[in-house]
Amino acid sequence: MGRYLLTRLAFALLLVYVVSSAAFILTRIAPGGYVDQQCVTLTADECKALRLRLGADRPLAEQYLSWMSGIIRLDFGQSFLYGRPVGALLRDRAINTAMLATIALLFATAIGIPLGIYSGTNHGIGRATVRVLSVIGLSVPPLIGSLALVFLAARTGWLPVGGMTSSAGVEMTWAQWLADLARHLPLPALALAIPMAATLERLQSEAIESASHESFVAASRARGVDRMRSILRHAWPVSLRPVLGLYGVMIGTLFSGSFVVEVVTSWPGLGQLMFAALRARDLFLVAGCAATGAFFLAAGTLISDLLLAYTDPRVRSGERA
Amino acid sequence: MDWPTGQDVNRQPRALLSVLLIGAIAFVGWRYWTSTRPDPEEGTEIRVSESSTRGGTLRSSLRSEPKSFNRFVERSVPTDIYSLFTGSKLIRVNRATQEIEAELAERWTTSPDNLTYTLTLRDGVTWSDGTPFTSADVVFSFQAIYDPKVGSQLASSLMIDGKPLVVTAPDPKTVVIKLPQTFGPGVAIFDNVHLAAKHKYEAALKAGKFGEALGVQTPPADLVSIGPFKLTTYTPGQRLIFDRNPRYWKKDATGIQLPYLDQVILEIVPDQNAELVRLQAGQLDMLQQQVRSEDIATLRPLEQQGKLKLIELGVSADPDLFFFNLRSPYWAKDPRRDWITRKEFRQAISHAIDREAFANTVFLGAGVPVWGPMTPGNPKWFSPNVPRYGYSVERAKEILAGLGLRNRDADPWLEDPKGTEARFTLIAYRGNSSVERGSAIIRDELKPLGIAVDVVLLEQGALIERLQTGDFEAINFIQNWTNLDPAMSPDFWLSSGSAHIWNIGQSKPATDWEKEIDDLMGIVMRSVDQAERKKAFDDIQKIFAEHLPVLYFVTPRLYMGVSTRVGGLTPSILRPQLLWNVERMTVKQGQ
């Protein structure tokens, strides 16, 4: 197990290195850098001074080596766009994204898994309804979903239409702040959770349907175990293998930020940061965001592999072999 | 002294209690009455002179975050707004009327040769930390602006013919400013001066670190203000909160100290659609900028419900622009060189565009046809007496035939005598709906003429790089005047200018008409005779309209969506259209 973990960690580091380096180089060589965008309102001398100040006049290799040496010291450079260290920006935004991602994942799990178990083990109108809802959930892109939810919130006034906290947040106690946050979270979390819940439902449904036909489930039924207990005790753990595999990717995607939902709902997370960085061609920030996204993706995959090994004895035995 | 005894002792608290009880009942009754009685001014704008308008919080938006609070080195909308809220000018140009207004300099004199201005500063002005504002702060600010180590973005706007102004302070209340030569806009040049507190930043300037001072990580408590507000909270990604500066120097006509508002909150909302939804939901009082043409219809129902006002600001001074690359070397080996850079070709295009249809399609009817860079939105400098090219496809075809462009084969496109097709690539700014739609209109309107246009949408950065390197055939973009006086935008007009977009940074004028414009701009920039300046600029507009280095079709009408609870508005067509005068804005409280 230790060797397995080490291999996965090495893979994660390699992924982070390759993704962030590629992001750095591609952003640097793409036409129209940050300084070019600023220069449209500057005189030639001001433009030259800005290029010099930001080090944008240095060759790519020199910039890259300097950036890499900074990374070793955990210095991700300075954001052109925000005038702050990239590391501090990533930390602040990662916390916001993590909050949103955790709640979205909980919503998706709480909705998708039970519905998947139900539709995979039942027949009739209930199963058909769940399937139709899942197909709708899968078909609606996050952009449309979040816009629809924002529209609903604006029309009804039930929830704030955007932001993470209300403007009175600075004068609130911790309890009030948490309550305020709890009012702002459902909208973006649901926008993220609905398509994920639909995916989980579909996967769980098929997996449990297949597992419920396994001989050990039939044997448990023959031993007199009631149907629901047999499904939950014997079929469900086996059916979790493909579902947990998907969790890794979902965790990675969520924690690296869903820029569409974050931009539409003004959630100050990593996705919104990455979007702004890409639009402004903020070299160090793009590379930093890419590195963070790759890190979360690798971590998510690792966590799902470990969960899989924990829940499925066949994986553990395979590992030992 | 007699002490109360017996019943008197018991009677006193009872009486006091009764008075308190009656007072409490009266207070509650009064509060109930005042809260339930109808507001006589419901739905109408509050006048700023009313003392009842003091207090309250205004909520607006920002679409991007500040990169710095240092306006000396950063020129962006958030930094500009920060500077408007926390700064004051010596003399300002009123953005609504374009008139000169005395600010921190309460009066000034001009020498007979128009080269020296002597400014007298107001008494009793202090920074928000209580330190007096003096002429030393003004001299220090100019030092920071001109210090090459600072790399100030204000420096070029405060140079005349590349030479700095010379600023001295004979006493704490007097500033003497000498110009290297006469300057047409006169004291309006001081509107470009931003002030820095010497007592806070002198050490940074001496250490060569003034450019890094006032970064966004600076704790708000360390930031001093001489404007109507001071920054109290900046939550990255979320909002900036400004509280009233109790030491602000300005008062209204009735002697009430400005600003009227207690607080302004700027919510950071990067997405324009999300910003609009927040306005609709009542979570914002106003948007950072004008409402897009396509959003006006969305806001009309709210206006009818009395929740919003759609204020027409007037005709924009910033039309979309379309221009060809007129650098000769770019076309040297191109077979289209014989006709694509000819003024007749551009005149034919101008004839071929139906400006009314353009206004209806691109700005959904909220647009005005224009024929040059100066629009009716800038009445002081706009000249209607310029050559115009009315919509006529026939006339356009005649002009093109005169250039040798005829349809010589079976396809619908024109060819020159060598068989080269009349085709060009138009690069447009992706993400701006009016530019995108405008580019499609240009392509569609030139098609019946036999000119093929390949529209390529590029991100702003990529487009600007192509513009600066001269690697383009034609571009459709947005004009963005930062000042309505042409003398303040010489980079666009002068052939040597960095914003002379059709042929940037010429060492000497490439054409006779550009030289003529250069000479006339000399008068616009140096003459102090306003009539002479206007005549010279009218001539420039005529030359421009004849040669059409840049084509203009339509400029939009500007609208701002504002909550009905906001009053004291002085709209301007220049950005930020309402917040520029935030000190006089008011809100109805309790709504």
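This is a predicted model: local features need pLDDT of at least 70, side-chain atom pairs count only at pLDDT 80 or more; totals for chains, interfaces and linings use all residues.
Residues are numbered from 1 along each chain as its sequence is written, while chains are lettered from A and ligands numbered from 1 in the order in which they are written.

**Chain B as a whole**

- Chain B has 16 helices and 22 strands, taken as DSSP runs numbered from the N terminus (helices are H or I with at least four residues, strands are E with at least two).
- Its C-alpha trace spans about 125 × 60 × 45 Å along the principal axes.
- If you take the contacts in chain B with a separation of 6 or more, 68% of them join residues 24 or more positions apart; a contact here means C-beta atoms, placed from the backbone, within 7 Å.

**Where chain A meets chain B**

- On the chain A side 41 residues are in contact with 39 residues of chain B.
- Six helices of chain A, α2 (34-39), α3 (44-54), α5 (86-121), α7 (142-156), α12 (259-264) and α13 (270-280), each supply at least two residues of the side that touches chain B.
- The biggest giver is α3(A), with 6 residues.
- Sorted by class, this side of chain A has 19 nonpolar, 14 polar and 8 charged residues. Nonpolar covers Ala, Val, Leu, Ile, Met, Phe, Trp, Tyr, Cys and Pro, charged covers Asp, Glu, Lys and Arg, and the others, Gly among them, are polar.

**Helix α1 of chain A**

- Helix α1 (residues 2-29) of chain A has 28 residues and reaches 41 Å from first C-alpha to last, close to the expected 40 Å, which is 1.5 Å times one less than the number of residues.
- Buried residues in α1(A) include Val16(A), Ser20(A), Ala23(A), Phe24(A) and Thr27(A).

**Helix α5 of chain A and its partners**

- Two packed helices are described by the angle between their axes and the distance between the axes.
- α5(A) packs with α6 (residues 125-139) of chain A at about 135°, with the axes 9 Å apart. That makes the pair oblique, the label for whatever is not under 35 degrees (roughly parallel), over 145 (roughly antiparallel) or 65 to 115 (roughly perpendicular).
- Leu115(A), Tyr118(A) and Ser119(A) of α5(A) meet Gly126(A), Arg127(A), Val130(A) and Arg131(A) of α6(A). By class, that contact has 3 nonpolar, 2 polar and 2 charged residues.
- With α11 (residues 227-255) of chain A, α5(A) packs at about 150°, the axes being 11 Å apart. So α5(A) is roughly antiparallel to α11(A).
- Among the residues of α5(A) that meet α11(A) are Thr97(A), Ala98(A) and Ala101(A). This contact has 11 nonpolar, 2 polar and no charged residues.
- Axes are lines fitted to C-alpha atoms, for helices over the stretch in contact, and angles run from 0 to 180 degrees between N-to-C directions.

**A spot to look up: Arg430(B)**

- Arg430(B) sits in the loop between β16 (423-429) and α12 (433-446) of chain B.
- It counts as partly exposed because it has 15 C-beta neighbours inside 10 Å.
- Leaving out residues up to four places away in sequence, Arg430(B) touches Glu436(B), Leu457(B), Leu458(B) and Glu459(B).
- The C-alpha atoms of Arg430(B) and Leu457(B) are separated by 5.0 Å, although the two are 27 residues apart along the chain.

Methods:
Two residues are in contact if their C-beta atoms, placed from the backbone, lie within 7 Å. A residue is buried if 20 or more other C-beta atoms lie within 10 Å of its own, exposed if 12 or fewer, and partly exposed in between; C-beta atoms are placed from the backbone.
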